[in-house]
Amino acid sequence: MSANKMLSVGDWLEMSRYGADGAVVDINLTTVKVQNWDNTITTIPTYALISDSFKNWRGMQESGGRRIMRGVRIDVSSVRFLTPQDIEALRKSNLLNSYIEQRLAEVERYNTEHDLDLSSPLNGRRLTNIGTFRAYLAAYLKTHPRIHQQMILMVRQLEATSEGVPIQIYAFTNTTAWVEYEGIQADLFDHVLAVMPVFGLRLHQSPTGHDIRQIKLSIDKDGLPGVDA
């Protein structure tokens, strides 16, 4: 291990088979001691680190950036084309203004060149609220003071499922400190959730007990729709 620089004292080691997730505090010929984040100590046979796989987070710590890979799930029924009123409202955003102007020029040029009948929503190209939302998030990340700008940064749409359309943020913070990282990530998604309604989007959320009770109360009060009392 020493010759191949696989592990050193102070490295963050994760080895789920042995319940180890913390800092290496001692390495000797027979055992490796890991102080877990809950301050418990896990002792791992040294040979296990040669014969089994483990995760060493040293690379992350030395890179200066810690990955964020988290998303939100959009209610599919809230996805739609932007109206002229939507576009005018979103143009007021400093982060979106140039994107909207560029995309509108591209869309208009395409539709004009192909002489399309735009009275049908099936013809031509248009801006969507979910696409513009992705563009906004990408621009927001590129101006965020706590996001590492020299590492991978993207906002991507994943495959739609019965739980909605996932929009995932993939980026790195400019710190590897755990507490700071969690704070940055939480602040980022506070903002994401707060701006979604501006784009006319809704977060997908499974019905809760409160929702079911409200439906029952509504039925008890007004009866089932289309059913005479």
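1. Let's start with a side-chain pairing: Asp75 and Ser77 make a polar contact through their side chains, at 2.8 Å. Please keep in mind that this is a predicted model.

2. Where does Asp75 lie? You will find Asp75 in the loop between strand 6 (66-74) and helix 3 (84-90). With a relative accessible area of 22%, Asp75 is partly exposed, because the buried class is kept for values under 20%.

3. Leaving aside residues up to four places away in sequence, Asp75 touches Arg202, Leu203 and His204. Thr161 is also worth a look: 86 residues separate Asp75 and Thr161 in sequence, while their C-alpha atoms are 10 Å apart in space.

4. On the surface, there is a nonpolar patch formed by Trp37, Trp178 and Val179, and together these residues have about 370 Å² of accessible area. Val179 belongs to helix 6 (residues 178-195). Is Val179 buried or exposed? Val179 counts as exposed, since its relative accessibility is 72% and the cut-off for that class is over 50%.

5. Five strands form an open sheet in the order 4-3-2-1-5, with antiparallel pairing. Its edges are strand 4 (41-45) and strand 5 (55-56), each of which pairs on one side only.

6. Within that sheet, strand 2 (residues 20-27) and strand 3 (residues 31-36) run antiparallel and are joined by 5 bridges.

Methods. Residues numbered from 1 in each chain as written. Predicted model: local features only at pLDDT ≥ 70, side-chain atom pairs only at ≥ 80, totals over all residues. Heavy atoms only, no water. Helix = DSSP H or I, 4+ residues; strand = E, 2+ residues; numbered from the N terminus. Buried < 20%, exposed > 50% of the residue type's maximum accessible area, 1.4 Å probe, protein only. Contact = heavy atoms within 4.5 Å. Polar contact = N/O pair within 3.5 Å; in protein donor to acceptor, adjacent residues only side chain to side chain. Patch = residues over 30% accessible without salt bridge, like charges linked within 9 Å, V, L, I, M, F, W, Y side chains within 5 Å. Areas by Shrake-Rupley, 256 points an atom, 1.4 Å probe, with all protein chains shown as cover. Salt bridge = Lys/Arg side-chain N within 4 Å of Asp/Glu carboxyl O. Pairing = 2+ DSSP bridges.
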